[in-house]
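Student: Please take a close look at one part of this model for me. I would like the contact between its domains, with the cut-offs spelled out.

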Amino acid sequence: MSEPPGEFQLIRALCRGLRNSRATLVGPGDDCAVLAVDGVKLLATVDSLVEDVHFKLDWFTPEKLGVRALTVNLSDVAAMGGDPTACVIDLALRDNLPERFAERLYRGLKSAAREAKVDIVGGNVTRAGQVMISISLLGRIRAGILERDNARPGYGIFVTGTLGDAALGWRILDGRLRAAGRTRRFLVQRYISPSARLSAGRALAELIPTPAAIDLSDGLAGDLRHILEASRVSAEVDAGLIPVSTAYRAVVGDDLELALSGGDDYELLFCMPERYSGDELSRRLGVRVTRIGRVMKRGSGLKIANLAKPPYAGALRGWDHLRQSS
Ligand SMILES: [Mg+2]
């Protein structure tokens, strides 16, 4: 039997032969689709959290799971530089859930929606073998569109926040790694309660030329590759510049494997002319920004310099939800 296709290979195969109308400004292959409707640029995206693929039920209160489900969608709108506006929610529920699970999940969804000024305008509930929360989110563009194909040779490569914390938090929760006290709380919280960088995305969308951007859901190496392939450029990242937290170092020292390949950061990765320093961008975006490398000439290779130990091959491929075993 042949091996099943990976997530991105399958998506490519499914999209083959699609013919969209001219109203579709950006189709499949970016963080959101962009549609032109009566002069307004609308964003549309969908994402799901599936029990035992993306989370274990006993790691979350239902409220926190609800907040996280909306946040991962908001992150895709942030990565386009847009404002989220409204969503519909498809909820699959199984037997033997904790009492009032759905009501408590919705309490989290409603509070996250209120905070992000998103209307919950509809939904669906169905029975299934596992819990799934699938959200279709709409948004709009007010300035530039942060597409993945805007990276040019000579641009700097930047990231917000610190990388790898959430991947460590996941491994602490499932017992693969150990940490205690504040370190443990910080890393677990980075996995359980990520934030969507909406205001940073909006600030980026006001810059000219418009940066190339993606949100880091599948790991730095894999997500940067998406930008490189879309922009048909190569890049060099300096491992010594990758921002990691004190808690990250406390658990794994200078092993950068999870900062490179761990998913669930929901930070923004973007490429733009090196006109501004990391400090200036941090001020403009309201979040810590670090320059980690440079876009090179044509091609789509990714070179990682100054890596103390060579990463395993999968680390550079990124996170693939179809091949993941846990
Ligand atoms: Mg994304």
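**The domain interface**

Tutor: By the rule used here, four salt bridges cross the interface of domain 1 and domain 2. A salt bridge is a side-chain nitrogen of Lys or Arg within 4 Å of a carboxyl oxygen of Asp or Glu. Arginine 202 and aspartate 83 form a salt bridge through their side chains, at 2.5 Å from N to O. In general, side chains of opposite charge can pair when their charged atoms come close.

This is a predicted model: local features need pLDDT of at least 70, side-chain atom pairs count only at pLDDT 80 or more, and totals for chains, interfaces and linings use all residues. Residues are numbered from 1 along each chain as its sequence is written, and side-chain values use heavy atoms, with hydrogens and water left out.

Polar contacts come next. Eight residue pairs are in polar contact between domain 1 and domain 2, both residues at pLDDT 80 or more. A polar contact is a pair of N or O atoms within 3.5 Å; within protein, one must be able to donate a hydrogen and the other to accept it, and residues adjacent in sequence count only if both atoms are side-chain atoms.

Which elements build the side of domain 1 that touches domain 2? α2 (62-78) and β4 (83-93) are the elements that give two or more residues to it. α2 gives the most, with nine residues. Helices (H or I, at least four residues) and strands (E, at least two) are DSSP runs, numbered from the N terminus. By class, this side has 11 nonpolar, six polar and six charged residues. Ala, Val, Leu, Ile, Met, Phe, Trp, Tyr, Cys and Pro count as nonpolar, Asp, Glu, Lys and Arg as charged, and the others, Gly among them, as polar.

Now the extent. Domain 1 spans 21-141 and domain 2 spans 148-317, with bounds from an automatic or database domain assignment. Their centres, taken over C-alpha atoms, are 23 Å apart. In contact (heavy atoms within 4.5 Å) are 23 residues of domain 1 and 21 residues of domain 2. The buried area between the domains is about 1800 Å², and carbon and sulfur atoms give 58% of that. Buried area is the accessible area (1.4 Å probe) that two parts lose on being put together, summed over both.
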